[in-house]
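Welcome! Take a look at the model below, and then let us walk through it together, one part at a time.

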Amino acid sequence: MSRVLVVAEQQGGTLHKMSLETLAAGQSLGGELTVAVMGVGADQAAQALAGYEASKVVVLDHPALAVYTASAAVAALAWLITAEQPDVVLLPHTYQTRDFAPRLAARLGRPLVSDAVSVAMDGQGVAAERQLFLGKMAGTVRCDGNGPAIVTLQAGAYRADQAKAGTTPVESVKPELGELGPCAVPGEPYRESARTVDLSAAERIVAAGRGIKEEGNLEIVKELAEALGAELAASRPICDNGWLGMERQVGSSGQTVAPKLYVAVGISGAIQHIVGMKGSKCVVAINRDADAPIFESADYGIVGDLFEVVPAIVEELKG
Amino acid sequence: MIAPHQGFHMKILVAMKQVAARDSVLQPAADGRWIDESEMTYEINEPDAYAIEAGLQLKEQQGGEVVVLAAGPARVSSSIREALAKGADRAIHIEEDGLDGWDSLSLARLLAGAARIESPDLILTGLQSDDAGRGETGVMMAELLGLAHATIVMKIDVGGGVLRVKRELEGGWFQDLTVPMPALLGVQSGINKLRYATLMGIKKARTKEVKVMTAADLGVEAAPLAVLERLAPPVKKKQGEMIGGTPREQAAKLIEKLRFEARAI
């Protein structure tokens with residue numbers, strides 16, 4: 001029987017929302033499933049995990065794991081993986097995972113497939129699907145079957161509500177971490193500025209992307225937002241340039257929105273943006289590149305020059 | 001390691017990649033394992049351009065040297081020249097064909113091999129590549145070299161023998177970290193304003209040193225733990241409707257559909 005290890009992420013006892021997605025992925029593979037969790041609040045998070053079907057929930061309990069550092073996380077998981085010898089290790093593709101999973105793979109000398117959209121196991125081992133070329137291509141990565149394969153899963157790749165309930169025993173173990181080596185010393189997390197715009201409550205959103213080319217062109221998009229009675233938002237590059245405040249950024253590093261209507265203007269649709277708006281009921285994409293991945297998520301797509309199309313829409317709405 | 005102080009000569013290595021230009025039309029290659037590279041144009045991986053800029057700014061503040069490290073076929077030399085024209089002092093080119101078929105750990109071994117010879121105070125990388133998009137190679141290098149690291153870095157300050165960096169967390173949160181040197185930092189895209197090469201810079205770049213090595217020189221060969229078996233355009237998840245016609249017609253059809261089909265306005 002195959003062995004699957006899911007590493008859940010939690011903070012202060014609350015599971016990261018992607019943890020249950022990863023658990024659902026682990027369950028879908030069948031086999032013997034271990035779910036590991038660490039850090040301050042891990043006991044509480046483990047109780048939540050114990051309500052799902054698995055073989056066991058393991059709390060990695062060590063003072064060095066209280067606050068996340070890559071070196072302690074890598075040491076603890078390398079220890080657990082060596083002890084458990086799973087065929088596959090699944091993690092949510094969070095910022096934290098991105099910080100340590102490559103180090104873990106290098107420590108173990110095992111393959112890593114990052115940001116996968118699905119994972120499967122067969123007689124030859126683990127295979128995972130992932131996006132390449134900023135979502136313009138899809139690929140299948142096959143891992144060698146000579147030991148554990150590490151796979152991190154993209155937000156929304158599996159559904160948290162598909163995680164099967166159950167009653168799973170929890171055990172606490174103290175990993176042997178050994179010498180930890182040089183490491184970044186973390187400070188307290190903080191927020192930069194209070195948010196003044198709550199995009200998550202907006203009924204309609206018009207968002208601008210790098211296709212608008214210049215700050216002055218934001219005016220065209222603003223006019224569309226006004227004509228639709230929509231909030232103005234943007235993808236990351238626009239906010240990085242300072243053309244719009246960070247509080248109007250939609251995506252993994254900004255806000256997550258789910259309006260009735262989302263109009264993406266000149267946004268190519270990198271996954272970091274998609275995760276922030278894919279809950280929208282109706283998505284309109286306007287882009288000059290017919291291959292832009294945003295069209296994958298669109299209900300209505302217009303391939304064309306936004307500088308012609310957007311004013312025409314405003315005209316139409318006014319007329 | 002000398003403690004950084006006024007006039008400390010900081011050796012900064014920037015690992016960069018050359019990738020297909022952002023507006024490229026992509027077709028899978030005949031063997032279905034990578035893209036068709038005939039008639040493709042290439043450029044510096046945009047996330048790496050921010051790492052180069054961060055390196056140049058640190059050198060300007062701190063004094064020191066910026067060395068660019070890139071692996072790939074002969075064509076990569078054009079991107080290396082561009083980085084040198086922007087102000088990097090010299091470069092290392094691991095000239096090797098077929099690296100797109102290598103997995104990230106093999107690539108990290110290759111780059112770490114070259115980095116080990118240089119033993120820099122700081123290694124900078126971009127967030128991820130625009131082609132493979134793994135975001136793994138830099139952090140793996142840190143492990144192979146036994147360096148402290150930080151990722152998704154927004155800001156870098158040097159002083160008192162350590163780096164102080166601002167790291168982006170999820171959902172609008174940040175965190176300051178103290179990182180002992182030597183270290184590897186993966187920088188977030190968009191953290192600085194990219195400079196263009198000046199004419200003088202382009203001229204100077206011609207005479208700057210580019211050390212060419214091979215994987216064999218470094219004693220590294222691909223030991224593929226993971227292989228890209230198949231590459232193809234993605235299957236559409238949502239059966240979206242494409243609206244054609246002139247801009248005017250497109251606008252009229254869209255509004256009609258939003259009003260009466262989606263009832264979103």
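Let us begin with a term: a residue is called buried under 20% relative accessible area, exposed over 50% and partly exposed in between, using a 1.4 Å probe and protein chains only. By that rule A:Tyr190 is partly exposed, as its relative accessible area is 25%. Before going on, please keep in mind that this is a predicted model, in which local features need pLDDT of at least 70, side-chain atom pairs count only at pLDDT 80 or more, and totals for chains, interfaces and linings use all residues. Residues are numbered from 1 along each chain as its sequence is written, chains are lettered from A and ligands numbered from 1 in the order in which they are written, and side-chain values use heavy atoms, with hydrogens and water left out.

The C-alpha trace of chain B spans about 70 × 40 × 40 Å along its principal axes. Of its 265 residues, 54% count as buried. A contact means heavy atoms within 4.5 Å, and among contacts in chain B between residues at least 6 apart in sequence, 71% join residues at least 24 apart.

Now for the rings. Rings of Phe, Tyr and Trp (its six-membered ring) pair if their centres lie within 6.5 Å; planes under 30 degrees apart count as stacked, over 60 as edge-to-face and the rest as tilted. Over all chains, the structure holds three aromatic pairs. In one of them, A:Phe133 and B:Trp34 have ring centres 5.2 Å apart and planes at 50 degrees, so this pair is tilted. A:Phe133 sits in the loop between strand 8 (125–132) and strand 9 (137–143) of chain A, and B:Trp34 in the loop between strand 2 (18–20) and strand 3 (42–44) of chain B, so the pair joins two chains. A:Phe133 is buried at 6% relative accessibility, and B:Trp34 is buried at 11%.

Back to A:Tyr190, whose ring pairs with that of B:Phe174: the centres are 6.2 Å apart and the planes at 35 degrees, so this pair is tilted. A:Tyr190 belongs to strand 13 (residues 190–191) of chain A and B:Phe174 to strand 9 of chain B, so here too a pair joins two chains. B:Phe174 is buried, at 8% relative accessibility.

What sits over the ring of B:Phe174? The charged end of B:Lys166 does, 4.5 Å from the ring centre. A charge sits over a ring if NZ of Lys or CZ of Arg is within 6 Å of the ring centre and within 35 degrees of the ring normal. B:Arg75 likewise lies over the face of B:Tyr42, 3.7 Å from the ring centre.

A:Thr152 lies in strand 10 (residues 149–153) of chain A and is buried, with a relative accessible area of 1%. Which residues is A:Thr152 in contact with, leaving aside its neighbours within four places in sequence? Among them are A:Leu91, A:His93, A:Thr97 and A:Ala101, and the list also includes A:Leu112, A:Val113 and A:Ser114.

Definitions and conventions:
Helices (H or I, at least four residues) and strands (E, at least two) are DSSP runs, numbered from the N terminus.
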